Amino acid sequence: MKETCSVLNPTKMIGSIPGIDVGHQFFSRAEMVVLGFHSHWLNGIDYIGQARRSDLGDYKLPLAVSIVLSGQYEDDLDNFEEIVYTGQGGNNLLGDKRQIKDQVMRLGNLGLKNCIEHSVPVRVVRGHKCTNSYVGKVYTYDGLYKVVNYWAEKGVSGFTVYKFRLKRLEGQPPLTTSQVHYTRSRVPDSIAEIRGLVCKDITGGQEDIPIPATNLVDDPPVPPTGFTYHKDMKFAKNVKLPLNASGCSCRGTCTDPGVCACAKLNGSDFPYVFRDGGRLIEPKAVVFECNPNCGCGPGCVNRISQRGLKYRLEVFRTPNRGWGVRCWDYIPSGAPICEYIGRLTKTDDIDSAAGNSYIFDIDCLQTMKGLDGRERRLRDVSLPVNLENDDDKMSESVPEFCIDAGSAGNVARFINHSCQPNLFVQCILSTHHDIKLARVVLIAADNIPPLKELTYDYGYALDSVAGPDGIIKQMPCYCGAADCRKRLF
């Protein structure tokens with residue numbers, strides 16, 4: 001990709017890179033290279049060399065732009081907000097981290113030294129062991145740091161090393177790796193060890209993985225109340241799911257998208273890959289999964305969302321947004337998190353005066369047409385025959401069905417809104433082919449580090465919610481995103 005100029009940012013950039021925010025995770029150094037974030041797959045210091053003399057004549061080159069801390073040097077000191085970074089060179093590349101010769105002031109080392117003179121910030125990335133990464137590590141971008149000073153000293157192996165002290169610039173989003181350190185090296189031996197624990201398992205044993213609740217905000221701390229946990233969807237008396245979905249004739253697991261009837265509905269391809277336990281390749285208007293009438297088994301690649309919770313989730317009290325949800329594990333992009341569970345009912349049967357804020361409209365049809373400001377996602381999926389020529393249904397602006405999780409639901413009811421979310425909503429058909437009754441599944445939109453709050457965009461249009469008296473209601477948004485709309489609706 002570098003040779004064909006296919007990397008995202010081929011010209012090395014000083015400071016932040018658009019689209020890569022603090023907390024962004026890379027699952028290999030190669031990912032950093034192809035994004036142009038850190039352009040060498042091995043060196044810990046990335047720098048601008050003499051070749052840029054023509055357009056950077058005011059700077060003394062080389063000039064460092066980013067560093068990676070991954071435990072490669074025995075002399076590194078890392079206190080998160082302040083770093084004493086060991087320069088490059090002289091270490092044993094066989095992996096024992098020991099110095100075998102003196103370092104010299106050139107290349108990346110000289111680049112860091114020149115950053116002091118020009119007050120140029122450096123991007124800092126930390127690497128951690130991670131079983132979910134295909135290289136055994138995950139790399140987290142922790143923001144911009146200023147090189148304060150440097151010196152040479154004899155390292156613990158007796159050879160000269162250069163040390164660079166860096167301090168994190170103020171005004172940036174909080175560090176995530178100081179929290180990652182907790183989950184990486186101090187995972188609780190039992191749920192009872194968690195600080196602020198108010199409930200050991202809100203599911204009451206219904207889920208395979210317990211979901212604890214913590215509260216470090218209220219005094220006295222209280223658990224979430226006013227609902228009954230349900231693992232599976234409940235249905236109103238006047239809602240019946242169709243049972244006439246045709247299935248594929250595959251056996252064991254579906255492997256050939258040219259033969260699998262379900263894959264043909266997805267544009268003649270499988271929407272998932274098996275990597276990391278199963279990941280959705282891209283958002284679609286609707287995903288057709290294999291159903292009970294298919295010949296394949298539960299291990300099929302086209303049944304990923306049907307496997308239940310697989311991440312260790314925690315419901316926690318937030319300072320100003322009620323309850324929220326976070327995860328103790330790294331979540332890779334495209335991984336299904338959970339389905340939105342509650343009571344599936346007709347939208348017309350909802351009491352609008354009750355002030356229920358746990359209503360989720362099943363708006364797959366509206367998304368297909370991009371109605372009411374929704375992101376259109378029709379793409380290459382095949383519409384069921386009963387919808388291909390049904391203009392009336394396709395033009396509906398109000399979803400016919402919704403999910404009410406007000407009094408009964410699962411962990412999804414606690415996931416908060418964000419104007420810059422890390423989850424997205426995916427409609428999925430896995431027992432029938434009626435799009436108006438599709439399952440609503442929340443999918444990771446990016447690699448999500450441990451303890452980062454999970455959020456999705458509730459999708460309200462401004463001034464779209466009215467009270468029983470017909471007056472437009474307004475609710476402020478406290479998501480804290482850089483591009484926050486300031487109002488939820």
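Predicted model: local features only at pLDDT ≥ 70, side-chain atom pairs only at ≥ 80, totals over all residues.
Although Ser-268 is not a glycine, its phi is positive, at about 60°. Leu-107 is another residue other than glycine with a positive phi, in this case near 50°. Leu-107 is located in helix H2 (residues 107-118), and its relative accessibility of 35% places it in the partly exposed class. Most residues other than glycine have a negative phi, and most peptide bonds are trans.

Cis peptide bonds are found at two proline positions described here. Leu-61 and Pro-62 are joined by a cis peptide bond with omega about 5°, and Pro-62 sits in the loop between strand E2 (45-48) and strand E3 (63-69). Asp-219 and Pro-220 are likewise linked by a cis peptide bond, with omega about 5°. Pro-220 lies in the loop that connects strand E10 (213-214) with strand E11 (228-229).

## The hairpin of E16 and E17

Strand E16 (residues 313-317) and E17 run antiparallel and are joined by five bridges. Within this pairing, Arg-317 stands opposite Trp-323 of E17. The hairpin has five residues between its strands, and Gly-322 takes a positive phi near 70°.

Strand E17 (residues 323-327) is largely enclosed by the rest of the structure, because five of its five residues are buried. The burial applies to both faces of the strand. One side carries Trp-323, Val-325 and Cys-327, the other carries Gly-324 and Arg-326, and all of these residues are buried.

## The four-stranded sheet

Four strands form an open sheet in the order E15-E24-E25-E18, with mixed pairing. Strand E15 (287-288) and strand E18 (336-339) stand at the edges and have a single partner strand each, so one side of each is left without a neighbour in the sheet.

Strand E24 (residues 423-429) pairs with strand E25 (residues 439-444) in the antiparallel sense, over six bridges. Among the bridged residues is Cys-427, whose bridge partner in E25 is Val-440.

## Cysteines

The number of disulfides in the model is zero. Cys-254 is in no disulfide, and the nearest cysteine sulfur, that of Cys-300, is 3.5 Å away. A disulfide requires the two sulfur atoms to be within 2.5 Å. Cys-254 is buried, with a relative accessibility of 3%.

Cys-296 has its closest cysteine sulfur in Cys-290, at 3.7 Å, which is too far for a bond. Cys-296 is also buried, at 8% relative accessibility.

Val-239 occupies the loop between strand E12 (234-235) and helix H4 (261-265). Is this residue buried or exposed? With a relative accessibility of 5%, Val-239 counts as buried.

Leaving aside residues up to four places away in sequence, Val-239 touches Leu-344, Thr-345, Lys-346, Phe-401 and Leu-437. Val-239 and Leu-437 are separated by 198 residues in sequence, while their C-alpha atoms are 9.4 Å apart in space.

How many cavities of 30 Å³ or more are found in the whole structure? The search finds one cavity of that size. The largest cavity holds about 50 Å³ of space.

Eleven residues line the largest cavity, and those nearest its centre are Ile-362, Leu-365, Gln-366, Glu-400 and Lys-436. Helix H5 (residues 364-369) gives the most to this lining, with three residues. By class, the lining of the largest cavity consists of seven nonpolar, one polar and three charged residues.

Definitions and conventions:
Residues numbered from 1 in each chain as written. Heavy atoms only, no water. Buried < 20%, exposed > 50% of the residue type's maximum accessible area, 1.4 Å probe, protein only. Helix = DSSP H or I, 4+ residues; strand = E, 2+ residues; numbered from the N terminus. Contact = heavy atoms within 4.5 Å. Pairing = 2+ DSSP bridges. 1 Å grid on protein atoms, 1.4 Å probe; cavity = no way out; pocket = protein on both sides within 12 Å on 5 of 7 lines; lining within 4 Å. Points joined across faces, edges and corners; volume = space filled by probe spheres on them. Nonpolar A, V, L, I, M, F, W, Y, C, P; charged D, E, K, R; others polar.
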